[in-house]
Amino acid sequence: MKFGIDMGHNAPPDIGASGIAKEDNLTKAVGTRVIAKLEALGHIAVNCNPRWASSVLDSVRKRVQTANASRVNVYVSIHFNAFNGRANGTEIYAVSSAARRLAQPVLENITRLGFFNRGVKNGSHLYVLKNTYMPAILIECCFIDSRRDMDLYNTERMANAIVKGLTGQNPPGGDSGQDSGSSKPQPNPQVLKLQKALNRLQVTDKNGRRLVDDGLWGSATESATLKFHSIMGINAPGRASAQTWKAIDDIFEKPILRPNHATGKAVRYIQYRVGSEIDGVYGPNTAKAVMQFQNKNHVTIDGIIGPQSWSKLIG
């Protein structure tokens, strides 16, 4: 397959954003590796970056002209986001249905690295996506002004994830969760934090087992995350999202829960642990199940989830 690779900006006056890192530096580093890895897998990769540009419009026009003239099968524009220092995660822009199908596996492979999944979005406002003849996507890898994203970011892993998403092939140097030249996957601190949280909450994998605290994303961690989402009523894939962490935080606050006076994620967790219907409403049936739990664990039997009951639930 022939790919057109656009290393966003890098053609003054068309320059990228700045934050903890500079976008121009990161897009060039990732794009260069993506081209090399695609070629190593037997594909053709065309560098669509212009050598010079008279304006930003001239810069994007030349990228499109190169892709169209080269008759590439797929166009990929690589960028990094910046906003307010708090926004984080990965998003991909696409216009056609074919481009959206192309974008989804790329997004999934990048978010497996621990980045928040911001979704595939409508890119009809973007010149390079509107004017290329082939399926085209624009990847916003992560936020360069986010400390969380920059702590997660690794150039080699990002390039590997993009190549794996585009081709379905494991790129040279390992899969999207590995560094180039590394013989085994490297732990991800966000995945490790998630595994420890789920173990503390006694949310097991699909086989009913505790997770191994290794910081590696795998089927066990994914199934446990999906299970937690189901308990919490979160409609999301098996990746930790902002909703996932908000629910975990709500539970770890150990709020006082009283019958007929409590709702929300912490109540859903209590219902999961005591075996009552999970609806997020602390009604009579939940209170009855809580008192049975309290009796079994030798704490005050009052139907109120307070410090004693929380200590038996999550320590």
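Helix 10, residues 265-274, and helix 12, residues 307-314, have axes that come within 12 Å and cross at roughly 65 degrees. This is a predicted model, so please keep that in mind for everything I say. From helix 10, the residues in the contact are Y269, I270 and R273. From helix 12, they are W310, K312, L313 and I314. Sorted by class, that contact holds five nonpolar residues, two charged ones and no polar ones.

A word on how I am describing these pairs. Two packed helices are described by the angle between their axes and by the distance between the axes.

Start with its packing against helix 8. Helix 7 covers residues 189-200 and helix 8 covers residues 219-232. How far apart are their axes, and at what angle do they pack? The axes are 11 Å apart, and the angle is about 55 degrees. Because of that angle, helix 7 counts as oblique to helix 8. The crossing of helix 7 and helix 8 is left-handed. On the helix 7 side, V191, L194, Q195 and L198 make the contact. On the helix 8 side, T221, A224, T225 and F228 do. By class, this contact has five nonpolar and three polar residues, with no charged residues.

The loop between helix 7 and helix 8 contains Q202. What is worth noting about the phi of Q202? Phi of Q202 is near 60 degrees, which is a positive value in a residue other than glycine.

The other partner of helix 7 is helix 9, residues 242-252. Here the axes come within 12 Å and cross at roughly 45 degrees. That angle makes helix 7 oblique to helix 9. Helix 7 passes helix 9 in a left-handed crossing. In helix 7, the residues that meet helix 9 are Q190, K193, L194, A197 and R200. In helix 9, they meet T244, W245, I248 and F252. Which classes do the residues of the contact of helix 7 with helix 9 divide into? There are five nonpolar, two polar and two charged residues.

How many cavities of 30 Å³ or more does a search of the whole structure find? The search finds one. About 40 Å³ of space lies in the largest cavity. Its lining consists of L113, F115, L152, Y153, N154, R157, M158 and N188. Of the residues lining the largest cavity, five are nonpolar, two are polar and one is charged.

Last, a detail of the backbone. Which kind of peptide bond joins P12 and P13? The bond is cis, with omega of about 10 degrees. P13 lies in the loop between strand 1, residues 2-7, and helix 1, residues 23-40.

That is everything I had.

Notes. Residues numbered from 1 in each chain as written. Predicted model: local features only at pLDDT ≥ 70, side-chain atom pairs only at ≥ 80, totals over all residues. Heavy atoms only, no water. 1 Å grid on protein atoms, 1.4 Å probe; cavity = no way out; pocket = protein on both sides within 12 Å on 5 of 7 lines; lining within 4 Å. Points joined across faces, edges and corners; volume = space filled by probe spheres on them. Nonpolar A, V, L, I, M, F, W, Y, C, P; charged D, E, K, R; others polar. Axes fitted to C-alpha atoms, helices over the stretch in contact; angles between N-to-C directions. Helix = DSSP H or I, 4+ residues; strand = E, 2+ residues; numbered from the N terminus. Parallel < 35°, antiparallel > 145°, perpendicular 65-115°, else oblique. Left-handed = near helix turned anticlockwise from the far one by under 90°. Contact = heavy atoms within 4.5 Å.
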